[in-house]
Amino acid sequence: MPAHSFQAEVGRVLSLVINSLYSNKEIFLRELVSNASDALDKLRFRAITEPKLLEGEPDLVVRIRPDKERGVLVIEDTGIGMTEAELVENLGTVARSGSQAFLAQLEENAKKDVSLIGQFGVGFYSAYLVADEVTVTSRAAGSDHAFRWSSSGKDTFSVEPAERATRGTSIELHLKPDQKNLLDEWTLRDLVRRYSDYIAYPIELESTKEGKVERDRMNKAAALWQRPKAEITEEQYEELYRHLTHDYEPPLARTHFRVEGNVEFVGLLWLPKRAPFDLDDPRHQRGMRLFVKRVLVMDDCDAILPQWLRFVRGLVDSDDLPLNVSRELLQESGTLRTIKKQVTKRVVDLLDELAKDKPEDYRAFYGTFGRILKEGLVVDGEWKDRVAALTRWSSTETKATPGSAEGGPSSRSDQDETVSLADYVARMKEGQDAIYYVTGESRAALLGSPYLEALRARGYEVLLMTDAVDTWAAEAIAEHGGKKLVNAMRADVKLPAKDGEAPKDDAEASKGIEALASAARTALEGKVRDVKASSRLVDSPACLVLAQGAMPAHLEKIMKQSGKEIPRGKRGLEINPSHPAVKRRGAIAAENPSDPRLRDLVVLLYEQSLLAEGSPLDDPNGFAKRLTALLVQAVGAS
Ligand SMILES: Nc1ncnc2c1ncn2[C@@H]1O[C@H](COP(=O)(O)OP(=O)(O)O)[C@@H](O)[C@H]1O
Ligand SMILES: [Mg+2]
């Protein structure tokens with residue numbers, strides 16, 4: 001008998017399952033029934049083009065057979081079955097991408113967070129919660145040969161030729177001594193009703209009474225989503241969600257709808273509570289399932305949803321698509337375009353409702369998936385306004401959770417207060433005519449930035465944007481509620497004059513500033529686009545501003561980190577004419593434009609501004625020398 005070793009990860013998964021799910025042993029049944037249902041789905045799909053796969057066994061069914069004499073529980077299906085190689089591959093390895101890293105994370109959290117395990121799809125191995133020996137006998141559809149896999153769940157398993165009259169898989173669980181109650185019919189009925197009632201195939205309890213085989217169906221065996229909503233319980237919805245997603249946590253929200261008209265379909269969509277660990281992996285699957293006339297035709301049908309809603313889970317079942325759809329065909333299908341549009345609308349409606357009726361849940365959702373939702377602003381003009389209304393922002397008026405945003409490097413916590421664009425507009429100050437924002441690495445860094453000074457002096461609220469996508473998102477929104485979004489870091493920001501502040505006309509001072517600006521232009525040639533006096537600053541002597549369309553410093557940094565060599569975009573340098581340091585330099589410049597001290601002084605202004613926008617210095621040593629010289633002067637002068 002050829003012995004195989006489990007892949008190392010399997011051992012880790014097995015011990016995780018045993019150690020963290022010991023108080024939920026009965027979940028094994030729903031996992032095995034769920035696998036049986038998947039196998040039946042796959043068979044039915046392949047039979048569309050190869051009807052002869054159904055020969056010899058026309059029934060699509062799951063059977064549960066307690067054998068009291070041997071202490072064995074059998075779960076059998078007439079599904080697609082497994083070949084010898086598939087038995088080895090599917091039951092001997094953990095195939096999911098990113099499994100190494102995720103397992104390490106799991107092992108760390110397993111004690112406090114059992115729900116994470118479910119995401120991993122540990123399904124089959126849950127058999128070892130109740131059995132000390134498992135044998136799987138399977139005959140793949142279309143094959144004449146059957147094989148038996150068996151293992152006591154330690155280090156090895158074996159696979160050998162076996163007998164099986166027809167297509168499908170039987171799983172024999174040799175129950176642990178304290179699990180024999182699972183052979184009781186009522187216990188089994190109860191478990192099936194609780195966990196597997198949504199399954200669209202018949203689940204039969206098979207028993208032999210007086211030498212005769214009796215089969216008794218335990219579930220409704222109709223696609224849950226086709227039943228009237230009023231007849232579906234929360235538990236049934238939840239179990240179906242679990243089956244489709246492997247998520248052990250209940251979902252955050254759901255929408256179940258029927259669309260009638262030119263294209264008819266049923267949709268059942270959920271928002272998960274947490275992001276799957278591999279959401280950012282391009283190979284990530286498990287999004288939307290596509291059914292045609294109740295038959296699962298595609299497991300991970302990304303064509304139903306736009307990319308920016310890729311966190312949504314669920315299914316669509318339509319009678320208006322051909323059973324033999326392919327991904328290529330879907331690309332071209334007008335029917336699918338209609339479905340996609342409707343599905344998108346339903347998700348956006350659901351988010352609207354959630355934001356209105358359950359703000360706490362919406363906040364949790366936004367904390368987890370907001371950055372993905374915002375991609376929709378950039379790529380999908382059609383939904384821009386509705387998505388913009390769903391965005392939430394941190395601002396100079398919102399509070400951050402103590403210890404999270406203001407302090408640490410993490411830019412935002414789900415608990416932080418946020419503001420919607422509508423609320424921002426509603427509380428705008430008199431005379432304010434735009435929605436102001438700044439973008440940067442963290443809330444803490446932005447709060448200290450010079451760009452806020454003049455806005456805050458006028459009492460204006462400023463949105464603090466810290467996600468990488470935000471610069472593009474804000475530019476895409478462009479306008480909301482009739483108000484323009486204005487990046488306070490841009491060169492062309494024009495602010496209304498502050499109340500009671502008449503523009504000063506101090507000819508001598510402005511001559512000085514002009515002389516200083518001109519000296520700066522010479523000293524900083526090649527580094528800045530232009531130098532000019534500005535009214536945006538209050539406490540800072542100078543700052544750098546972005547040209548229209550230029551990339552902010554923190555994004556340049558992100559691009560560099562990801563290996564893209566991009567030159568630093570040239571900024572404009574704006575100087576604060578009412579700052580004492582600037583005035584003093586202006587006076588020096590007015591007196592003698594070629595004063596040798598001027599050069600170092602303007603370079604220092606520039607360097608200080610670089611630091612304020614979060615950029616690295618070109619010449620840190622030079623900066624240190626200039627600063628030291630200045631300090632020495634200051635001490636000398638006192
Ligand atoms: N009854 C079955 N019939 C056919 N294949 C099965 C059956 N049970 C399990 N498998 C195979 O074993 C794999 C592992 O199952 P499982 O551990 O539950 O993970 P998942 O269901 O998340 O893929 C399945 O993906 C499937 O390929
Ligand atoms: Mg499974």
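User: Is V379 buried or exposed?
Analyst: In this predicted model, V379 counts as exposed because its relative accessibility is 61%, and exposed means over 50%.

User: Where does V379 sit?
Analyst: V379 is in helix α11, which covers residues 375-379.

User: And which residues form a nonpolar patch with V379 on the surface?
Analyst: V378 and W472 form the patch with V379. Together the three have about 280 Å² of accessible area.

User: Switching to rings. How many aromatic pairs are there?
Analyst: The count comes to 14 aromatic pairs. One of them is F6 with W149: the ring centres are 6.2 Å apart and the planes are at 55 degrees.

User: Why is the F6 and W149 pair tilted?
Analyst: The planes are at 55 degrees, and a pair counts as stacked under 30 degrees, as edge-to-face over 60 and as tilted otherwise, so this pair is tilted.

User: Which parts of the chain does that pair link?
Analyst: Distant ones: F6 is in the loop between β1 (3-5) and α1 (8-20), while W149 is in strand β5 (residues 146-151). The two are 143 residues apart.

User: Are F6 and W149 buried or exposed?
Analyst: F6 is buried, with a relative accessible area of 10%. W149 is also buried, at 0%. The cut-off for buried is under 20%.

User: What aromatic cluster do they belong to?
Analyst: F6 and W149 form one aromatic cluster with F124, Y125 and F157.

User: Last topic: which charged ends sit over rings?
Analyst: The charged end of R189 sits over the ring of W186, 5.1 Å from the ring centre. Likewise, R254 has its charged end over the ring of Y237, 3.7 Å from the centre.

Terms used
Residues numbered from 1 in each chain as written. Chains lettered and ligands numbered in written order. Predicted model: local features only at pLDDT ≥ 70, side-chain atom pairs only at ≥ 80, totals over all residues. Heavy atoms only, no water. Patch = residues over 30% accessible without salt bridge, like charges linked within 9 Å, V, L, I, M, F, W, Y side chains within 5 Å. Areas by Shrake-Rupley, 256 points an atom, 1.4 Å probe, with all protein chains shown as cover. Salt bridge = Lys/Arg side-chain N within 4 Å of Asp/Glu carboxyl O. Helix = DSSP H or I, 4+ residues; strand = E, 2+ residues; numbered from the N terminus. Buried < 20%, exposed > 50% of the residue type's maximum accessible area, 1.4 Å probe, protein only. Phe/Tyr/Trp six-rings, centres within 6.5 Å; stacked < 30°, edge-to-face > 60°. Lys NZ or Arg CZ within 6 Å of the ring centre and 35° of its normal.
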